[in-house]
Amino acid sequence: MWFRVDKMLLETGDDMIRPSPVVLDTTESTNDVAKSLLLDRADFGSVVISRKQTSGRGRKGRLWQSPPGGLYMSLVLQPPLRPQSVAILTLLAGCAVVDTIRRTTGLETALKWPNDVLLREKKLCGILCELVTESDTVLGVIMGIGINVNIPLSRLPSDVRGRSASLLEELGHETSLERLAGVLLRAVHLRLEHVKSAELPAQVIGEWKERNCTLGRKVRVEEGTGVFVGVAVDLDPDGHLIVEASDGRLLVVTSGEIDLL
Ligand code: BTN
């Protein structure tokens with residue numbers, strides 16, 4: 001078995017978190033499997049992990065390269081958030097990943113809005129949170145996390161390789177996927193606990209700001225069909241990015257893509 005759940009539980013060392021992940025050898029996308037679990041009324045907190053993905057999905061319809069050695073994990077969640085605040089979950093997942101990487105490897109990573117975790121300015125991890133609805137009712141959210149763990153960069157296509165990082169390349173040795181998954185699940189769940197106190201958005205935004213490499217930077221923003229350059233100045237309470245354009249206007253970017261310049 002490529003992934004030992006008992007090892008993950010031991011590594012987590014936490015009585016509160018007892019996930020029994022669905023562990024797959026291969027699948028098209030763990031987010032799709034998690035979504036079908038949700039539609040089948042699986043428990044919230046269910047987790048899907050796969051050794052590889054054949055059609056891993058990224059934001060904006062992009063492919064997420066998913067050879068063996070990476071961590072490909074999706075969680076079924078039902079956070080009590082307004083649909084427009086669901087972007088907060090992407091930021092929450094990013095904070096949990098930065099914390100997990102630090103705890104398990106000692107490496108410092110940084111958050112690029114909205115969904116990237118960077119190591120030395122290269123992408124180490126991507127996050128894809130998807131709202132699942134059924135006839136206008138929000139059933140839940142799928143939180144998908146992909147981390148380049150034990151992947152030699154030579155396994156990635158050349159166009160992706162130059163902007164990617166992997167823990168294997170950085171550390172020169174493999175990292176336990178079980179430990180990483182266990183610590184990461186704990187980190188996500190601990191942060192979700194704040195939902196109960198209704199303080200989640202403010203807490204997450206505060207933590208995200210401490211770990212980001214976006215604010216204060218000149219950025220190129222692509223949103224819809226438009227492109228503009230400005231300076232990322234802040235996040236709004238829903239986790240959207242506020243950018244000061246060159247004419248001084250403050251623009252709120254809700255679902256765009258940015259490049260750090
Ligand atoms: C991005 O950076 O565009 C997001 C990438 C998200 C990839 C993860 S891997 C696990 C989960 N399953 C998917 O198909 N996508 C997410």
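## I49 and the β2–β3 pairing

In this predicted model, I49 sits opposite M73 of strand β3. The two strands involved are β2, residues 47–53, and β3, residues 71–77. They pair in the antiparallel sense, over four bridges.

## The seven-stranded sheet

Strands β2 and β3 belong to an open sheet of seven strands. The order is β1-β2-β3-β7-β6-β5-β4, and the pairing is mixed. The edges are β1 (22–27) and β4 (110–112). Each has a single partner strand, so one side of each lacks a neighbour in the sheet. From one strand to the next, the twist averages 25°.

Helix α2, residues 30–39, packs on this sheet. It touches β1, β2, β3, β6 (122–134) and β7 (137–147). The direction of α2 makes about 155° with that of β7.

## S46, between α2 and β2

S46 lies in the loop that links α2 and β2. Its relative accessible area is 18%, and S46 is therefore buried, the cut-off being under 20%. Leaving aside residues up to four places away in sequence, S46 touches L37, S74, L75 and V76.

## Helices α3 and α6

Helix α3 spans residues 87–105 and helix α6 spans residues 177–192. Their axes come within 9 Å and cross at roughly 135°. That angle makes α3 oblique to α6. The crossing is right-handed.

On the α3 side, the contact is made by L89, L92, C95, A96, V97, D99, T100, R103 and T104. On the α6 side, R179, L180, V183, L184, A187, V188, R191 and L192 take part. By class, the contact residues divide into 11 nonpolar, two polar and four charged.

## The five-stranded sheet

Another open sheet has five strands, in the order β11-β10-β9-β8-β12. Its pairing is antiparallel. Here β11 (250–253) and β12 (257–260) stand at the edges. Each has a single partner strand, so one side of each is left without a neighbour in the sheet. Neighbouring strands are turned by 45° against each other on average, direction ignored.

Note on methods
Residues are numbered from 1 along each chain as its sequence is written. This is a predicted model: local features need pLDDT of at least 70, side-chain atom pairs count only at pLDDT 80 or more; totals for chains, interfaces and linings use all residues. Side-chain values use heavy atoms; hydrogens and water are left out. Two strands pair if DSSP finds at least two bridges between them. Axes are lines fitted to C-alpha atoms, for helices over the stretch in contact, and angles run from 0 to 180 degrees between N-to-C directions. Contact means heavy atoms within 4.5 Å. Angles under 35 degrees count as roughly parallel, over 145 as roughly antiparallel, 65 to 115 as roughly perpendicular and the rest as oblique. A crossing is left-handed if the near helix is turned anticlockwise from the far one by less than a right angle, and right-handed if clockwise. Ala, Val, Leu, Ile, Met, Phe, Trp, Tyr, Cys and Pro count as nonpolar, Asp, Glu, Lys and Arg as charged, and the others, Gly among them, as polar. Buried means under 20% relative accessible area, exposed over 50%, partly exposed in between (1.4 Å probe, protein chains only).
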